[in-house]
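User: Could you take a close look at one helix for me and tell me how it sits in the rest of the fold? I'd like one connected answer.

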Amino acid sequence: MKLRKIAVPFSVTLAILIAPLMVRAYVLEPYYWKDGVSGLTYKWGSNLQTSGTVIRTAFENALSDWNGTPTPVWFSYSSRSSNTLNSYYVSDSSEYGVCNITYSSSEILHFTAMVNAGNINIGKSNVARSAAGHELGHGIGLDHSTAIAIMNSNRDRTRIYTPQQDDINGVNARY
């Protein structure tokens with residue numbers, strides 16, 4: 001049996017080893033908060049006026065999750081906020097939530113983040129929290145990701161329900 005040696009140039013080997021470190025999976029929306037994300041406010045929508053509901057609790061946890069990241073993100077409640085957190089009902093197990101964003105040019109003016117109360121999976125452990133965190137991610141200017149991330153539309157919502165490193169990297173890259 002003959003063995004052949006194949007010479008691989010050092011630069012190719014180095015590129016192969018370093019490339020995974022340079023890849024970023026997060027995706028930024030073309031719009032963002034001009035003044036940053038450290039003073040974002042929210043108010044409760046008409047469907048989430050009562051505390052203790054599954055979706056309101058999910059949003060409360062997701063807000064705390066984002067506020068606890070090593071990013072400049074900081075949400076606080078204000079009844080005068082132009083940003084709204086709410087729920088809606090569509091009987092569809094593939095639809096978890098939506099975030100409607102109003103922007104001018106590339107500046108976000110306000111958003112409405114909503115979780116679908118009609119999704120039969122919302123009551124499962126951490127699924128509503130994952131959906132709420134994902135929609136808040138859109139509200140701060142993150143788009144869908146293919147990485148292990150709260151912004152990955154195909155994530156396991158029972159296991160990925162807080163912002164992950166990819167989400168954090170995206171926020172820090174933008175703000």
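Analyst: Let's start with what lies over helix 2: the cover on its buried residues includes strand 1, strand 2 (75–77), strand 3 (84–88), strand 5, helix 3 and helix 4 (165–174). Helices here are DSSP runs of H or I with at least four residues, strands are runs of E with at least two, both numbered from the N terminus. This is a predicted model, where local features need pLDDT of at least 70, side-chain atom pairs count only at pLDDT 80 or more, and totals for chains, interfaces and linings use all residues. Residues are numbered from 1 along each chain as its sequence is written, and side-chain values use heavy atoms, with hydrogens and water left out.

The buried residues of helix 2 are Ile 55, Arg 56, Ala 58, Phe 59, Ala 62, Leu 63, Asp 65, Trp 66 and Asn 67 (buried is under 20% relative accessible area, exposed over 50%, partly exposed in between, with a 1.4 Å probe and protein chains only). Phe 59 is worth a click: beyond its neighbours within four places in sequence, its contacts (heavy atoms within 4.5 Å) include Trp 44, Leu 85, Met 114 and Leu 136.

Phe 59 and Trp 66 are also among the residues with the most contacts inside the largest nonpolar core, which has 34 residues. Such a core is a set of buried Ala, Val, Leu, Ile, Met, Phe, Trp, Tyr and Cys residues joined through side-chain atoms within 4.5 Å. Strand 1 (40–44), helix 2 (54–67), strand 4 (97–104), strand 5 (107–116) and helix 3 (127–139) each give two or more residues to it, and helix 2 gives the most, with six.
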